Every structure is written in C-alpha cells, then in structure tokens.
Amino acid sequence: MPRLPEHPHPPDYGSLNLAQAVQLIAYDWRQAIGGFGVGPRTAEPQWADGAAVQGLLTHWQNALQEIGFLDPDAPKKLMPRLNQLANRAQLTQEEVHILRGIARAMRPGLQARKGNG
C-alpha cells in the first residue's frame, strides 16, 4: 500500500485561509459573468495648440521684461530656449493657463494695482 505524504500540499506553499478562498471564488464568479470594465482614471489631456503656446511665450517675454529678468535690447538665447522647453514639454491647455497666471502674478504693475484695489 502506498504511503501518503505527511503534508497534503508542498511545504513551500501555505494553505488558503477563509478570506483568501472567498476572494478567489468571488473573483472567478465575476470573471465568469464578464469581468470588470476597465476605464481610464483621468480624461484625455487637452493638448495646447501652437497658438496657445506662442501666446504663453509672448506673455512670459513681456512679464520677464517688466521684472527686469530679460533685457529687450540683448535677449540672447532665453526666449528660443523657453520656446524649446515649452514645445518639448507638450503642454496641456491647463498648464498653459497655469503658466500664464504665474506670468500675470509676477508683473510689478499688477501687484501694485492689487494693493490699491
């Protein structure tokens, strides 16, 4: 007569507890009735078009000149580099709005008007 092993399962694997067994059965039942629909967690991004990015860069150029960061007589390579950065970043419409808001907030005239208003 063959001898039965001491353990009914390999010693490397533990047995399932009740919660794990219920979870596996529930998963199998759900898969049997069609599984789970998988949808995207976020909406598709609305990419900014070239005109929006160009408008952003113009806005930034004006703001940077107003705060004295960009000398209009010697702009050097700042604006072409910002242009490359903006295009490489593949900005969304929301990001363009955020960056334009930052440019608006750093303008000295706007800050003075807020203090008086």
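In the predicted model, the axes of helices α2 and α4 approach to within 9 Å and cross at roughly 15°. Because angles under 35 degrees count as roughly parallel, α2 and α4 are roughly parallel to each other. The crossing in which α2 passes α4 is left-handed. On the α2 side, the contact is formed by Ala52, Gly55, Leu56, His59, Trp60 and Ala63. The residues of α4 that take part are Gln93, Val96, Leu99, Arg100, Ile102, Ala103 and Arg104.

Helix α2 spans residues 50–66 and comprises 17 residues. From its first C-alpha to its last, α2 reaches 24 Å, which is close to the 24 Å expected at 1.5 Å a residue. The buried positions of α2 are Ala52, Val53, Gly55, Leu56, Leu57, His59, Trp60, Ala63 and Leu64. An α-helix has 3.6 residues a turn, so residues three or four places apart point the same way. The packing partners of the buried residues of α2 are α3 (78–89) and α4 (93–105). After α2 comes glycine 68, for which phi is positive, near 85°.

Histidine 59 belongs to helix α2. Its relative accessibility is 12%, and histidine 59 therefore counts as buried, the cut-off being under 20%. When neighbours within four places in sequence are left aside, histidine 59 is in contact with Arg100, Ala103 and Arg104.

Threonine 92 is located in the loop between α3 and α4. With a relative accessibility of 14%, threonine 92 counts as buried. Neighbours within four places in sequence again being left aside, threonine 92 is in contact with Pro45, Gln46, Trp47 and Ala48.

Confidence in the prediction was also examined. The mean pLDDT of the protein chain is 83, and 79% of its residues reach 70 or more. Among the elements of the chain, α4 has the highest mean pLDDT, at 95. The lowest mean value, 59, belongs to helix α5, which covers residues 108–116. Where pLDDT is low, the predicted coordinates should not be read in detail.

Note on methods: Residues are numbered from 1 along each chain as its sequence is written. This is a predicted model: local features need pLDDT of at least 70, side-chain atom pairs count only at pLDDT 80 or more; totals for chains, interfaces and linings use all residues. Side-chain values use heavy atoms; hydrogens and water are left out. Helices (H or I, at least four residues) and strands (E, at least two) are DSSP runs, numbered from the N terminus. The expected span of a helix is 1.5 Å times one less than its number of residues. Buried means under 20% relative accessible area, exposed over 50%, partly exposed in between (1.4 Å probe, protein chains only). Contact means heavy atoms within 4.5 Å. pLDDT is the predictor's confidence in each residue, from 0 to 100. Axes are lines fitted to C-alpha atoms, for helices over the stretch in contact, and angles run from 0 to 180 degrees between N-to-C directions. Angles under 35 degrees count as roughly parallel, over 145 as roughly antiparallel, 65 to 115 as roughly perpendicular and the rest as oblique. A crossing is left-handed if the near helix is turned anticlockwise from the far one by less than a right angle, and right-handed if clockwise.
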